[in-house]
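Subject: A structure for you to explore

Hi there,

Here is the structure I promised to pass on. Have a look at it first, and then read my notes below.

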Amino acid sequence: MKNFYGMTKDELCNYLVENGFKKFNGKQLYEWVYKKQTTEVSLMTNISKKLGAFVRDNFSFKGLTTKTHQISSDGTEKFLFELADGNSIETVLMRHNYGNSVCVTTQLGCNIGCTFCASGLQKKKRDLDASEIVMQVLKVAEITKERVSHVVIMGIGEPFDNYHNTMKFINIINDPFGLEIGARHITVSTSGLVPKIIDFSKEDKQVNLAISLHAPNNAVRSSIMKINDVYPIEDVIDAAREYVNATNRRITFEYILLENINDESWHADELSNLLRGLNCYVNLIRYNTVSEFNYVGSSEDRAQRFHRRLLERGITATLRREKGSDIDAACGQLRSKKGNL
Ligand code: SF4
């Protein structure tokens with residue numbers, strides 16, 4: 001049995017052709033499942049009996065099980081979903097004035113080891129396959145009965161450490177016969193895996209790229225992100241430049257503001273020098289407390305001072321209003337869980 005949600009439309013069409021069906025049958029099935037949201041073969045009025053029987057015998061539509069569902073005071077919702085193997089993952093829905101955005105998880109745990117992040121407390125157990133990532137979006141839409149217009153690949157895990165499944169996921173949700181989530185409404189976030197940033201710059205997609213920078217120099221970055229010892233900051237910026245040159249797209253840098261660690265005025269100056277001339281945007285995020293760590297988020301005053309300093313030096317930046325921190329659904333607060341709860 002193949003999990004339907006893990007197949008791109010091309011894979012589905014090829015599989016059907018190999019089994020004696022027509023290529024357009026793949027498009028029909030995609031439309032039924034993703035657009036008309038039915039997996040019930042008897043309702044698929046334009047497919048033959050033979051194809052219906054083939055679908056029943058060869059495809060599984062097994063989804064995720066909802067273990068918990070929390071709603072924040074700001075409307076953000078967090079879901080704990082159980083996977084077929086008994087492990088659980090967290091997924092977040094954020095409501096914006098431009099639409100609903102789902103933040104998906106790509107791995108069970110994470111090996112990158114950012115020292116401020118709850119998601120990395122559990123070492124990576126395995127990658128999620130594409131179907132497990134797609135099903136997070138479907139399940140949130142099914143539960144809320146609302147359209148998901150945006151997707152951010154920023155939940156638990158490093159998406160570029162699961163590159164193949166992340167790209168497949170993007171393909172599936174972007175497909176015009178499927179969920180049709182526009183490439184420009186999809187953002188993938190990496191901790192800075194340089195070779196994969198280069199690979200990504202060669203993909204023919206208009207998907208947004210965000211890099212978690214969180215520091216203006218190697219000393220600070222290495223102290224909070226171990227990955228910086230493998231891919232130092234200058235290599236990350238070079239890769240970002242290559243991405244911008246290859247795609248003609250603006251790149252986003254995520255910067256979590258940690259009091260007295262990376263939020264001094266001279267850090268803002270260093271950051272402006274580092275990014276000067278690069279078509280980029282800095283997304284400043286005040287750190288959300290995680291009970292296991294001693295870090296403190298920058299005060300509103302310090303965060304605003306840092307923000308102003310960047311703007312004064314010609315760097316485009318916003319200070320983001322955090323969503324869902326009261327239900328531990330904000331950046332760096334998600335966790336994967338083992339076994340039964
Ligand atoms: S911030 Fe992202 S990359 Fe870093 S440990 Fe957390 S989940 Fe992994």
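To start, which residues does Leu275 touch, leaving aside those up to four places away in sequence? Keep in mind that this is a predicted model. In it, Leu275 is in contact with Leu213, Ile237, Phe253, Cys280, Val282 and Ile315.

Leu275 also belongs to the largest nonpolar core, which has 99 residues. Along with Phe169 and Phe253, Leu275 is among the residues with the most contacts inside that core. Another core lies apart from it and has eight residues, including Met94, Cys103, Ile327 and Leu334.

Now for the chain as a whole. The protein chain has 10 helices and 14 strands. Its radius of gyration is 21 Å, close to the 20 Å that the globule rule gives for 341 residues, so the chain is as compact as a globular protein of that length. Along the principal axes, the C-alpha atoms fill a box of roughly 70 × 45 × 35 Å.

How much of the chain is buried? Of the 341 residues, 59% count as buried. Among contacts with a separation of 6 or more, 67% are between residues 24 or more positions apart.

Finally, the surface and the charges. The protein chain exposes about 14,700 Å², and carbon and sulfur atoms supply 47% of that area. There are 44 positive and 41 negative side chains, and the centres of these two sets lie 5 Å apart.

Enjoy exploring!

Best wishes

Technical notes
Residues numbered from 1 in each chain as written. Predicted model: local features only at pLDDT ≥ 70, side-chain atom pairs only at ≥ 80, totals over all residues. Heavy atoms only, no water. Helix = DSSP H or I, 4+ residues; strand = E, 2+ residues; numbered from the N terminus. Rg over C-alpha atoms; globule rule 2.2 N^0.38 Å. Buried < 20%, exposed > 50% of the residue type's maximum accessible area, 1.4 Å probe, protein only. Contact = heavy atoms within 4.5 Å. Areas by Shrake-Rupley, 256 points an atom, 1.4 Å probe, with all protein chains shown as cover. Lys, Arg positive; Asp, Glu negative; His and termini not counted. Charge placed at Lys NZ, Arg CZ, Asp CG, Glu CD. Core = buried A, V, L, I, M, F, W, Y, C linked by side-chain atoms within 4.5 Å.
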